[in-house]
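Reader: I'd like to go through this model with you and ask what stands behind each label. Could you show it to me?

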Amino acid sequence: MLISWNLLNELLEIPATLEEVVERLTLTGCEVESVDYPCERLSGVLSARIEELSPHPARKELFVATVDDGAGRELVITAAPNLSIGDVVPWGRPGTALADGTVLGVRDFDGVRSCGMLLSAEELGVPEIADEFGILKLPADTLPGEDVKRLLGLDDAVLDLSITPNRGDLLSMLGVAREVFALFPGAVWRKNPAEARPGDGASWPDDLEFRGISLEDDGCPLYCMGLVTGLKRGPSPVRIRVLLTLLGMRPISAMVDATNFAMLMLGQPTHAFDAAYLPAREITVRSARPGEEIRTLDGKDHRLESEDMLITSGGVAVAIAGVMGGENSEILDTTENVYLEAANFDALRVSRSSRRMGIPSEASYRFSRIVDARIAETTLEYIFSLLEEWGVARAGYRVLSASNLFLENRVVALTRTKLKRILLTDDIEDASAILSRLGLTEVASSEDAKSFSIPSWRPDISIEEDLIEEVGRIRGYNETLPSRLPGSLHEHGDIGRTTRLKRDIRGALISRGYVELVNYSFLSPSFVELLRLPGDDQRARPLQLANPLSAEQSMMRTTLLPGLLRSVGLAVASGWKDPVRVFELGRVFLPLEEGHEEVERVCGLAYGGRDPRLPHGPSDADDLFTLKGDIQSLAEAHGVRIEYAQGEEPFGHRGQTARLLCGGKPAGYLLRLKPSIERELDCSPLFAFELDLAPFEDPEPLRFREPDPFPPVYRDISMFVPVEVSAGEVADRIRRLGGSMLREVGLFDVYSGKGAPEGKRGLAFSLAYRLCDRTLTDEEVDSVNAAVRKGLAASGCELR
Amino acid sequence: MTSIQAELGIIERDFTEQVSAASSSEELQQVKVAFLGKKGAVTLILKKLGSLPPETRPAAGQAVNSLRDRIEAVIEDKRARLDEIESEAAERSSMVDVTLPHRGRSGGGVHPVAQLTHDVIEILAGLGFSVALGPEIEEDFYNFEALNIPQSHPARDMQDTFYFPDGSLLRTHTSPVQVRSMLRHGAPIRIVCPGRVYRRDSDPTHSPMFNQLEGLLVDRDISVADMKGCLETLMAAIFSRPLKARYRASYFPFTEPSIELDIECVECSGKNPACRICKGTGWLEVAGMGMVHPNVIRYGGIDPSIYNGFAWGIGLDRIAMLKYGLTDLRILFEGNVPYLLSGRSL
């Protein structure tokens, strides 16, 4: 919202500098985002009268003007064709700086010396205010020698205010002036534009008489109609054109400028219909019929829905209420008589229509934030007064209106107790003074409470806390209140199992050389193909956003792996060549028969690097078992037992994929990526794991055991077993055969290749036997160990 | 008599010569055998003692024993010196180049936002706040309605939301956890809710996903002053030094009064009018907060006439950027490995 500092000062006498006002507005909830000095470099331009004008003796496209600024006559050369003797124009003498910073001098045009320049609107920095091609003409009554920058209001400062959605009342000069009045107790109104200047109340001429206004939609509680006749073509006064331009609107014509200026001043949008083209002498406000169409004055066609509100006349749609007028009754250069609408429309309805149709107009912006219901008629009268003052039309007829408006008198109480509780002050008199400067009226008062009537332009105030906010923000939260720590609770906070677990896991993985990533929770549909997921895989049916920003971010992730693959892929594409490990801790969103669940996971990915040379040799490279070590370190640190079973995943290498189980339930995978995926990503090898955090949240409690008092006795067993028999199975078999005396089984060698029988590999285990009440004899151990060997041989192991 | 003495003298002289000539432990061992071994010179003399007249035997025996002791001591001493020389040589011959890189994996990298999240949680736990988590796919009720943002409220203009076909949505802030936690735990309550939030926004300064951290305290007789104290303590802990704070009135539908917190620019402390971080204002906007709206407390199942409190939200990504001097928001979520590794010394 742009605010003119000059205009603000015309309304209010403010006992503060611009900087103080900016600071105060910012601290009290109306943040000033910038202060712009639009024609900052312009200086030294004076008004001057053209005394003589003749063609240039040598160049026929130029004129020689004799100008007088009261301090003396000079010759100035100009190419502008729009001048006559007697015009008052902006003159830049040598030394004058233009808006773009150019400094003027004396210039010779084929023997005639031009003393500076006569200036156009563009050279003054405001091309929008030009009403014709050529030099800008100043009002005829302008005296020579005036500072044009000040005269036109180009010396203004424009404040850009960020208005919060609850403060629709600040979307006007009037609203901001009211706010500044409240902020500076010494401020005095100079001219309050809301003070109505009633017209002469004349009856409408017969030929323009109106039959009626009917309100058939609850979304329009008030509709006022005014009349303007005898409209003359032409621009609005230059000073108004400057203000409109500085405040971000384009000057168009006196009529349009008057309505726009009134909106900027009072916050009430209005709409002008050409009386000649309004289909009937009646207005009906109703809901649109689904599928109904209208062409708006920007030439675009819109299909309407029943939530849209229409202004119709004689059954024809002439405007989308609060959003934009229709092309059929738009005012034109030729318009003589104007029906002028000032109405109140429901904020939500206007906001939804304008958003759906993509028409963010100045009007819909204001209606969406609630327009003061009491300002409509005042606005029409304000526009009448402008038109009469500018002498461009006859206005001031009696305003017609229809209203379903019920304006309740809202009264809200403020108690000393709550004031004290929240703001630590019990000065309710001071609070009352603040509220009354904001336009609230004290209507009841007791020792400990006061009641206030709320003005119509503050629909945001409805409960006591709202009053406290008003008092708090005007008093300020900085100096008036201390900072202290609330002391009624003393215990240490509990960060919770999930957060603690995530903290520990990330610490462990980072120290194991993993880079932590945070990826978007979205996936592109292409991940299904990348991971070769079949249609019946739960992960291939992610939740889909109804309104994604793009297809690439249209699905909720069901696995963390694609994000990590993408990151590594991007790194490699940008020239990364070293081995790298990445991980992410985060949620996946799994579709269920009904609804979905959010599951916390950790996923790790290791890439062997484009350049596998390592200073200590290839044994340093990652493989499935280094990642298994990482998982085990997490599991052991948290007392979680993970089982690894030979398995398959659609994206896993068919010989190097493990299913992870916790307590018999699936908990994730550990695998090398399918070679075809490695080729596709041009990264090989890639190892990955993904693990549910749920088993970690409920670990077995940490327990310590008494040390064994008697030393163990060790025996080694070495054998050849068929390659399809896993080492884990053999170890389990040994454990069963060894019984309670066998305490530990450790694999220490795996051998395949030369010397191993076809289809077999060698496994060697070290077995520790021990009793807890005495030392074992060699005979006892040999006897049990022999039984183990016999059992193994019987199950097809070839003992060595 | 004298012949034994003389013999011992000769043996000792020979020994001294040979022992000093020994340059390795093997040679030293040979010397030891030559004098103290079964056929060594000293052993042979000892055997001769029996043939001496009884009255001279004690003195002769003493002299021989004394010589043997001296020889042993010299050999032990020499052995120690040779061992030291030999082990030093052995160690030097197996020297390694300590400037070689370490074996195995290089250190990993922390993500600045994840790191900050955990740091902030620890700080707030110290102030008595417990972590509360909530779903990222949220119901309209918790995300809007219960936070005093009804359908008709213009604040919904501010928050363009991702929806699912069934009407659920991706939470636009962590505030829904407030109401969920109040309903579960009642008052008094002190919680902190970290998490991902989503808005339909994407440009260089907005990401459709970002990280927020919400705090909520509801108790009896809570003032704006209590909120100021908490937030200032938090900010000082995050940036490891006290920072000037400035409070600006603002608007959020779920708090009343609503306030925004600016801290002094962590880059220039307001001293550089051309500062890129604060754009010369000297202030950085870091938190939105306020006294919880009575409607929200009521939606949380708590009686607002007995309890009141405050809530705040901070953008973890922005604070991480300020704290760690990062310049691009979106790169944080693009899994940029080289970028994240560049921060190893964090």
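**Labels and what backs them**

Author: Ala71(A) sits in the loop between β5 and β6 of chain A; strands here are DSSP runs (E, at least two residues) and helices are H or I runs of at least four, numbered from the N terminus. This is a predicted model, where local features need pLDDT of at least 70 and side-chain atom pairs count only at pLDDT 80 or more, while totals for chains, interfaces and linings use all residues. Residues are numbered from 1 along each chain as its sequence is written, chains are lettered from A and ligands numbered from 1 in the order in which they are written, and side-chain values use heavy atoms, with hydrogens and water left out.

Reader: Why is Ala71(A) called exposed?

Author: Its relative accessible area is 66%, and exposed means over 50%, buried under 20% and partly exposed in between (1.4 Å probe, protein chains only). So Ala71(A) goes down as exposed.

Reader: What makes Asp69(A) and Arg93(A) a salt bridge?

Author: Their closest N and O atoms are 2.7 Å apart, and the rule asks for a side-chain nitrogen of Lys or Arg within 4 Å of a carboxyl oxygen of Asp or Glu. So the pair qualifies. It links distant parts of the chain, 24 residues apart: Asp69(A) is in the loop between β5 (63-68) and β6 (73-78), Arg93(A) in the loop between β7 (88-92) and β8 (106-109).

Reader: And are those two partners buried or exposed, or in between?

Author: Asp69(A) has 5% relative accessibility, so buried is the word for it. Arg93(A) comes out at 21%, so it counts as partly exposed.

Reader: How do you know that Asp448(A) and Arg416(A) tie together separate parts of the chain?

Author: Their side chains meet in a salt bridge, at 3.1 Å from N to O. Asp448(A) lies in the loop between β25 (441-445) and β26 (449-453), and Arg416(A) belongs to helix α11 (residues 416-423), so the bridge joins parts 32 residues apart in sequence. Asp448(A) is partly exposed at 41%, and Arg416(A) is also partly exposed, at 22%.

Reader: What makes Glu678(A) buried?

Author: Its relative accessibility is 4%, so it counts as buried. Glu678(A) pairs with Arg672(A) in a salt bridge, with 2.8 Å between the closest N and O atoms. Over all chains, the structure holds 76 salt bridges.

Reader: How many residues does each chain bring to the contact between B and A?

Author: Chain B brings 94 and chain A brings 88, where contact means heavy atoms within 4.5 Å. The size of an interface is often given as the accessible area lost when the parts come together. Here the two chains bury about 7500 Å², with 57% of it on carbon and sulfur atoms; that area is what two parts lose on being put together, summed over both (1.4 Å probe).

Reader: Which salt bridges cross that interface?

Author: The rule finds seven salt bridges across it. One of the salt bridges in the structure joins Glu136(B) and Arg587(A), at 3.6 Å from N to O. On the side of chain B that touches chain A, helix α8 (residues 224-238) of chain B gives the most, with eight residues.
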